[in-house]
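The following exercises ask the reader to work through the geometry and packing of one protein chain. Each task is followed by a stepwise solution.

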Amino acid sequence: MSETIYFLDDEQKLLKGVGEKEIIEDIQTKEITEDKSELMSDTLSVTVLDNEKIRDAVFMAVRENESSFSMYKIIADSDPNGMLQFTGVNFAVDELSAYIVKDMRPNGKSVKEVAEQILSYTNGEWRVGYVDSALKAVSGSFYYISVKDALKQLQTFNCEVVFKCKIDGNKVADKWIEIYSRIGEVTNKRFVYGSNALEVVRQRDRSQVYTSIIGRGKGEEVGDGYGRRIEFTDVEWKKSNGDPLDKPKEQNWIEYPEMTKLHGIPTKNGTKRKRETVLILEDIEDTKELLQLTYENLVAYSRPLIQFKTSVLGGDSIGNTVTIHRKDKNYHYQTRVFSVKLNRLTGQAECGLGDNLSNSSTRQSASTQNSIADLTESKMTFYQSTEIGKYQDDIMRGAGKNGGSVYQVNGIEAGISDSREVYETIYMDGPNIPNSQHFMIENSEGISFKNCTKGQWQTVQDVHNGSSETAWTLDGTFNANFTRAGKIRADIFETSFNGTGDQLKMSGGVIRVVNNAKKIMELTKKGMEFWNSGGSNIGTIGTTNSAGNPFPDATTPTPIEENALVIRANGDGKYILLSALEGSGFVMLGNGTTMHIGDLNVYGKLRLNGQEVYPGQGGGPSNPGDWDGNYPPEVTTSADKFAWELWTFLLSKGYSKASIAGVLGNVQGETGGTMDPDTVQIGGPAYGIVQWDGSSYPLVGPPTWDGKVYVQNLFNAAGITDAISSMSGQAKLLDWSMYNGQWLGIVEPTSVSGFKGMTDPAAAAYTFERNYERPASTHPERQGFAQEWYNKFKDLAVTQPNNDIVSIARSWLGWFYYVQLHPSADLGDLNNPNKNGGTDCSGFIWLVLNKAGYRVPANMQWYTGSMTSDARGNHQWLTEISTSQSRAGDVIIYNQGNGAGNNGHTAILLEPYKGDTTQIIEMGGDSRYSGVNVSTIGYAFGSLLSGDRCLARAVK
């Protein structure tokens, strides 16, 4: 997974994600202190290429796994030589120091209960995630301290806290803590000097070693204060009873005799005396608990502290317990990773292992977990000695021409025993487990073959516990997911393929799936047939040859027979269900009805009974919001006209009037009030109504200082063919760029759809400026501009082209029969024609225009030839227009010769002309339909397309 650093603003909302190509340095450092009253130190130091979007970032985050991030509060930043440098500390430490725990006095409460009560003071901002269930109950007092300090105090009860968050969309969606008795786990990771450990340096601290401790607990309450402290004098321990040490009654101290022999005080007679200290555990009131905690501290006090510094390739996780080997100095230890300095770009890590000496100048009075196993156990036995270390290194070796490896595994590594004797041998196809996919395992049970995706298995136990696809046990039983053979001959082949009663049977040329002796599926020459639990056939999946043709009378571009996959239910009462999510999808009923449950988006054309359905089917143009080019009388200045053109376009795209006013307020600010799309920034790289700037981080490359070149690049990417200086083109570009990277969603509403629905012009101006323009500082005056534009335009009507023509024509879909005679007697009143009457193409146009109040010749007396002549000559009824001027409601005419009879045809456009695929509404041209129908120019005009074309607009 490639590295990305996420930068966030002061509201913890995403500004930008910076990828590896822009990252120069990315160092993450984590350190667990020996002092349980201190939280884990967690910092991030980052250097990236300069980017204005993140210069004022307040937080940064990196992904730790698929479900969580580590986030950091930026405490220092600088900008040297085209770079930005940031230093951050874990944000939780900073954030939780600002919440106060007023008064908590838990008594015998679980760690989870106490943590939840502490975090309740964050008012729901933080929650408790995983908590180790083995942690002991907590009693104590948390009085007027920060939540951070309360968690530090909670750690003194033998637990460790980590902080996590989740970034979803463009903001921090979740923040939580996890509490462990000990962060990390015991792993099989081995760091070997000269191999994956570049250096191994040991540091040892022999100061403050004690082999005997007098334990003292809470003082007894007397009057207004406390008297002598409790001791464990009356408690007896015997190793013969399973106790870790012998401690007789009447003795107020406990000694580790083996450690006294190693680290005691030398005496004149040649023996060693115990090293003794006093340990006060202020809150302990129970004598048995006091003895146990004193012993746990004695284990930590009774040996020297040992720390290893190592630079490794592929460091292990913080808190994990690993083994470290340096044979030339006889270092063979099992130890804990207490610090990791990770270069997240290269994967190289510098680890601190063992005891954290930098934080252990004084031993803590609270119980301290051992970082290194007891000294008598930390030095390995024969199987952990130098010789076995060499042996284990040697047996990982190449095998075969592809460089695979063989690994002999002991019982401990396999997780099946405490023995270091060889338990099994693993053969793999790569140099090590993480880089292998195929494995063969030999052990006392037999031979098995296993497969995984590369990187899925990391450890020996992953391989050992992975499922086998093929196995041959010692008793001769062979089990396989796949067997390759020439032929298997059997009258009946039967197998059970899961544990739920399912069986696969092959018999007599039929493959059958049976569940609990009932047939549920059968594969035959008919296809795949399915049955329900009652034995009834539900349906079939097959071809037309096997399952039949459900649509024998359908007309399709190619025959259904031999070209179709058939899924069919077996009659009424049976269903076919297509669903990607429970509760939504298609339900096809056996009675021929199809239902869709849930939302349905149609991309492309939707037709009912062959007739295309358009938005605004009840009336209106094919593109609601179309403007006929005429300005309302209130719109007079050039700035107003530019603004009105942008207003009408954005209305057609579904923007609310308030959101458009917010855009206009910003355009006024960017253009200096001219609203002119041909505005060039003086001395700068920006151009256009919103001053698009491609000098540094263009939406479409390459970077350029020439604003016009950048806008032309954007036009090309968006497929806009208008002039770059036109308002029509820049309006389209503004809408396109909203969905293609310019809108970031920094403030609410963060989505484009949310912005388009805004109702407050001033708020819309602010939102557009922050989310789209994104200047270094905002311009409050634009909010006032927006309100002024809103007040000026909100009540003005957009004059729409030919709206009435399209509406009337659509209302007559399916009307009339075709006859080259007009007026036909059965039309009746020409102002309200009979839908069962007859007419032809030009007669239909006449009836529509007459109904809509446009000028037409008397008594339907025109035909396609005379229509064209008028459009190009007298303009009594029609005026010829260009293809670029065309829009819904205009008339198209094709003629060959004079256009009489079958030599001419005419129709009404349902959209601007775009060639033979243009949608039209017409009478008589498309033989697939009778009556008024929706078609395309290509279908309806046929051979006439080689003739003379005239586009015309009706005269009012």
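**Exercise 1.** Locate D26 in the predicted model, and decide whether D26 is buried or exposed.

*Solution.* 
Step 1. D26 belongs to strand β3, which covers residues 23–31.
Step 2. The relative accessibility of D26 is 0%. The threshold for a buried residue is under 20%, so D26 is classed as buried.
Step 3. Leaving aside residues up to four places away in sequence, D26 is in contact with E3, I5, L44, S45, V46, L342, N343, R344 and L345.

**Exercise 2.** Describe how strands β1 and β2 pair, and state which residue of β2 is the bridge partner of I5.

*Solution.* 
Step 1. Five bridges connect β1 (residues 4–8) with β2 (residues 14–19), and the pairing is antiparallel.
Step 2. I5, one of the contacts of D26, has V18 as its bridge partner in β2.
Step 3. The two strands make a hairpin with five residues between them. In its turn, Q12 has a positive phi of about 60°.

**Exercise 3.** Determine which strands are joined to β7 by bridges, taking β4 and then β6.

*Solution.* 
Step 1. Between β4 (residues 41–49) and β7 (residues 83–90) there are seven bridges, and the two strands run antiparallel. Within this pair, T43 lies opposite V89 of β7.
Step 2. β6 (residues 69–78) is also antiparallel to β7, with six bridges. Here S78 has Q85 as its bridge partner.
Step 3. β6 and β7 form a hairpin with four residues between them, and N81 in the turn shows a positive phi of about 50°.
As background, strands of a sheet pair through backbone hydrogen bonds, either parallel or antiparallel.

**Exercise 4.** For the open sheet of three strands, give the strand order and explain why one side of each edge strand has no neighbour in the sheet.

*Solution.* 
Step 1. The order is β18-β15-β21, and the pairing is mixed.
Step 2. At the edges are β18 (253–255) and β21 (276–280); each has a single partner strand, so one side of each lacks a neighbour in the sheet.
Step 3. On average, neighbouring strands of this sheet are turned by 25° against each other, direction ignored.
Step 4. β15 (residues 212–216) pairs with β18 in the antiparallel sense over three bridges, and I214 is opposite W253 in β18.
Step 5. Helix α5 (residues 287–301) packs on the sheet and touches β15, β18 and β21. The direction of α5 makes about 145° with that of β15.

**Exercise 5.** Compare the end-to-end reach of α17 with its expected value, and identify where its buried residues fall around the axis.

*Solution.* 
Step 1. α17 (residues 781–793) contains 13 residues and reaches 19 Å from first to last C-alpha, close to the 18 Å expected at 1.5 Å a residue.
Step 2. Its buried residues are R782, A786, W789 and F793.
Step 3. Viewed down the axis of α17, these buried residues fall within an arc of 65°, and therefore line one face of the helix.
Step 4. They pack against α11 (638–652), α12 (657–671) and α16 (761–773).

**Exercise 6.** State how many residues the largest nonpolar core has, and which helix supplies the largest share.

*Solution.* 
Step 1. The largest nonpolar core has 40 residues, and W692 and L734 have the most contacts inside it.
Step 2. At least two residues of this core come from each of α11, α12, α13 (707–718), α14 (727–738), α15 (752–756), α16 and α17.
Step 3. α11 provides the largest share, seven residues.
Step 4. Excluding residues up to four places away in sequence, L734 touches L650, V663, I689, V690, W692, F768 and Y772.
Step 5. A second, separate core has 37 residues, including Y6, A115, L135 and V172.

How values were computed. Residues are numbered from 1 along each chain as its sequence is written. This is a predicted model: local features need pLDDT of at least 70, side-chain atom pairs count only at pLDDT 80 or more; totals for chains, interfaces and linings use all residues. Side-chain values use heavy atoms; hydrogens and water are left out. Buried means under 20% relative accessible area, exposed over 50%, partly exposed in between (1.4 Å probe, protein chains only). Contact means heavy atoms within 4.5 Å. The expected span of a helix is 1.5 Å times one less than its number of residues. The arc is that of the directions from the helix axis to the C-beta atoms. Two strands pair if DSSP finds at least two bridges between them. Axes are lines fitted to C-alpha atoms, for helices over the stretch in contact, and angles run from 0 to 180 degrees between N-to-C directions. A nonpolar core is a set of buried Ala, Val, Leu, Ile, Met, Phe, Trp, Tyr and Cys residues joined through side-chain atoms within 4.5 Å.
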